[in-house]
Amino acid sequence: MKKATIQTYMPVLSKVIESTEKMGEELNPSFEKLRQAIDNDAVAKMVPAEFNDIQMEFSDGTEQYQQNLAQLKKVAVPARLMGRHRNLLAAYEAYTNACAAMTASMNIDNQTIDVAAFNQAETDQETEMGHVGALIWVIGFSTLIKRSVTFMRCRAFYCWLRGSQLCGRAVLV
């Protein structure tokens with residue numbers, strides 16, 4: 001089995017981040033239309049085809065998030081990131097479930113929305129995306145710190161080998 005490294009883990013994480021951001025940008029206009037219709041109590045007045053299209057877009061978005069989750073579950077994770085990755089998986093899965101709940105709150109047959117479920121799903125999505133963002137930042141930061149510390153150790157060892165007094169004051173940039 002191939003050893004999990006940052007070089008194999010980070011591209012997968014980056015791809016998932018980009019995919020999530022792209023899907024969010026694509027779904028936002030539809031969400032705003034729906035949010036406005038809910039706030040104005042005008043869901044029943046929406047054009048049925050538009051309501052159906054929004055529901056289909058939400059379904060497609062949920063499927064994309066589930067594919068992203070599957071990628072996160074199968075990626076090889078470096079040992080030092082395992083705990084953070086498990087937390088990321090839990091938060092991303094909760095986010096995906098909240099997206100599915102929002103989609104499920106829409107009833108195409110009678111063009112209604114379970115507003116309580118929709119609002120709860122919206123709140124859950126915001127909360128979980130905050131957790132996902134924070135965990136991604138921590139994972140990214142911890143990989144940078146590890147690289148910087150490794151660089152400092154290598155630089156200090158190199159200077160020690162050369163016997164240089166000036167090398168000991170290496171500064172990271």
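Colleague: Why does lysine 22 count as exposed?

Modeller: This is a predicted model, and every value I give is computed from it. Lysine 22, which lies in helix α1 (residues 6-39), has a relative accessibility of 52%; exposed means over 50%, and therefore lysine 22 counts as exposed. Lysine 22 and glycine 61 are 39 residues apart in sequence, with their C-alpha atoms 10.0 Å apart in space, and glycine 61 is listed among the buried residues of α2.

Colleague: What makes alanine 117 partly exposed?

Modeller: Alanine 117, found in helix α4 (residues 115-162), has a relative accessible area of 27%. Buried would need a value under 20% and exposed one over 50%, so alanine 117 is partly exposed. Between alanine 117 and serine 105 there are 5.9 Å from C-alpha to C-alpha, at a separation of 12 residues in sequence.

Colleague: How do you know that the length of helix α2 is close to the expected one?

Modeller: Helix α2 covers residues 48-74, 27 residues in total, and reaches 39 Å from its first C-alpha to its last, which is close to the 39 Å expected at 1.5 Å a residue.

Colleague: Why are α2 and α3 called roughly antiparallel?

Modeller: The two helices, α3 being residues 82-104, pack at an angle of about 165°, with their axes 9 Å apart. Angles over 145 degrees count as roughly antiparallel, and α2 and α3 are therefore roughly antiparallel to each other.

Colleague: What is the overall arrangement, and how much of the protein is buried?

Modeller: The protein has four helices and two strands, which follow the pattern α-α-α-β-β-α when read along the sequence. Buried residues make up 35% of the 173 residues. Where contacts join residues at least 6 apart in sequence, 77% of them join residues at least 24 apart.

How values were computed:
Residues numbered from 1 in each chain as written. Predicted model: local features only at pLDDT ≥ 70, side-chain atom pairs only at ≥ 80, totals over all residues. Heavy atoms only, no water. Expected span 1.5 Å × (residues − 1). Buried < 20%, exposed > 50% of the residue type's maximum accessible area, 1.4 Å probe, protein only. Axes fitted to C-alpha atoms, helices over the stretch in contact; angles between N-to-C directions. Parallel < 35°, antiparallel > 145°, perpendicular 65-115°, else oblique. Contact = heavy atoms within 4.5 Å.
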